[in-house]
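This report describes one protein chain and a ligand, part by part. Keep the sequence and the structure in view while reading.

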Amino acid sequence: MNDVRPMIMLQRLHRFFDNTRAVDDVSFEVMRGEVFGYIGPNGAGKTTSMRILATLDLPTYGDALVDGFSVINDPDRVRRRLGFMPDAFGTYPNVNCREYLDFFARAYGLRGRERSDALKHVMGFTKLDGLAEKPIRGLSKGMKQRLCLGRSMIHDPSVLILDEPAAGLDPRARIELRQMIRELADHGKTILVSSHILTELAEMCDRVGIIEQGQLLAVGAVEEIQRGHAVLSEVEIRVLENVARLRQWLADRGDIENLVVDGELVRFSHAGDRREQAALLREMVLADFSIAAFGCHVKSLEDVFMHVTQGFVQ
Ligand SMILES: Nc1ncnc2c1ncn2[C@@H]1O[C@H](COP(=O)(O)OP(=O)(O)OP(=O)(O)O)[C@@H](O)[C@H]1O
Ligand SMILES: [Mg+2]
C-alpha cells in the first residue's frame, strides 16, 4: 500500500468541562491502514477524544482531522468518512438485527441494491447472518458488539473509531474481534481503538498511545514504549561461594539496583536487555564466581503500563 497518509490527526486537542481537563493538549496521527490503540485508565479522556472525532462534541481548543477534513469546519465530510462504535449500545429491544442495520444504512443514504449489498456484506463480515431475524433484546453482549461494529461500518467508511469494543467479551470473541479489526486494516481501513488494558490491544495494534488525565504520556510501537521506559528486569542468581565478593563486584557496576543478598541467593534489578544479561552472566563466570543458577524476569506489558501511568484521577 503506497498511499501512506494520516487519516486521523489530533492537533493540540483540548476539551475542558468546568475544572476538568478531560483532553489536555493531545496530538497524534494515525496513518492509512494502521490500527492505533488508545489506552488509558477510567476517566483518562479516551471517550471524550473519540466523541470529538465522531463530531458528537467540539474541542475547547485545537482540532481533529479525518482524511484531512476538520471536525469543526467540515463535520459532514468527516461523518461520511468515519464509523463510530460507541462504548454503550443504544436500546432498541424490539428491532431485529437486519432492521437495525437497515435503519442505519438508510440514515447514511444507501438505497436499493447498494443498501442490500451493504447489509449482506456487513452481516457476513460480522457473522450476523444467522441472527438477522433475532430481536436485539435476545442478543448476548458479544452479539451486540458485533452488531454495533456492523452498524459503524455499514456506509463503508475509511476510518473506524471503536470505543472499547472488547469490553465484556469472552476470550474467543476477543480473538475474533482482533481478527476482524486486523482484516479491516489489511483492507486499508484506519482504526482507532480504545481499551483500559495494554495487553488486550498490544497484539493487534501497529502503534499505541497511552493517555492519563487528558495527557498523552507515550506514543509508539509497543516495543518502542517498552524500551523507552527502560523498565528494569529482576535477576536472581545462586552463587555457591564468595557471596560477599560477588556483592561488591555487582555493587561496583553502574547497571544494577536494589541489590539484596539472602544466603546463596543474590537478587537485583538490571537495566540491560537479554543480550546484556547474557554478557553479565559470562563476566561473572569469567571472574571466577561459581554461579549455580541465573534467572531473570523481564517486566510484562502490565508493568510497563503501571510504570507509564501514575493512577491519578481527576
Ligand atoms: N459531559 C461531561 N461533563 C463533565 N465532565 C465530563 C463529561 N464527559 C467526560 N467528563 C470528564 O472527563 C474526563 C474524561 O472522561 P472520558 O469519558 O473521556 O474518559 P475515558 O478515558 O473514556 O474513561 P473510561 O475508561 O471510564 O471510559 C472524566 O474526568 C470525566 O468525568
Ligand atoms: Mg470511555
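Two residues are in contact if their C-beta atoms, placed from the backbone, lie within 7 Å. Leaving aside neighbours within four places in sequence, Ile191 is in contact with Val35, Phe36, Leu160, Leu162, Ile181, Leu184 and Ala185.

## Basis of the model

This is a predicted model, in which local features need pLDDT of at least 70 and side-chain atom pairs count only at pLDDT 80 or more, while totals for chains, interfaces and linings use all residues. Residues are numbered from 1 along each chain as its sequence is written, and chains are lettered from A and ligands numbered from 1 in the order in which they are written.

## Domains

The domain assignment, which is automatic or from a database, gives domain 1 (6-220) and domain 2 (233-298). The C-alpha centres of these two domains lie 48 Å apart.

## Nonpolar cores

A residue is buried if 20 or more other C-beta atoms lie within 10 Å of its own, exposed if 12 or fewer, and partly exposed in between; the C-beta atoms are placed from the backbone. A nonpolar core is a set of buried Ala, Val, Leu, Ile, Met, Phe, Trp, Tyr and Cys residues joined through C-beta atoms within 7 Å.

The largest such core has 70 residues, and Leu53, Ile161, Ile191, Leu192 and Val208 have the most contacts inside it. Strand β2 (residues 20-31) gives the most to this core, with five residues. Another core, of eight residues, lies apart from it and includes Val235, Ile237, Val239 and Phe268.

## The sheet

Helices (H or I, at least four residues) and strands (E, at least two) are DSSP runs, numbered from the N terminus. Two strands pair if DSSP finds at least two bridges between them. Four strands form an open, antiparallel sheet in the order β2-β1-β4-β5. Its edge strands, β2 and β5 (69-70), each pair on one side only. Two bridges join β4 (residues 61-66) to β5, and Val66 has Phe69 in β5 as its bridge partner.

Helix α1 (residues 46-53) packs on the sheet, touching β1 (6-17), β2 and β4, and its direction makes about 120° with that of β1. Such angles run from 0 to 180 degrees between N-to-C directions, with axes fitted to C-alpha atoms, for helices over the stretch in contact.

Eight of the eight residues of α1 are buried, so the helix is largely enclosed by the rest of the structure. Just after α1, Thr55 takes a positive phi of about 60°.

Which residues come nearest to ligand 1? Of the 13 residues around ligand 1 (C-beta atom, placed from the backbone, within 6 Å), these are Phe17, Ala22, Lys46, Thr47 and Thr48. α1 gives the most to this shell, with three residues.
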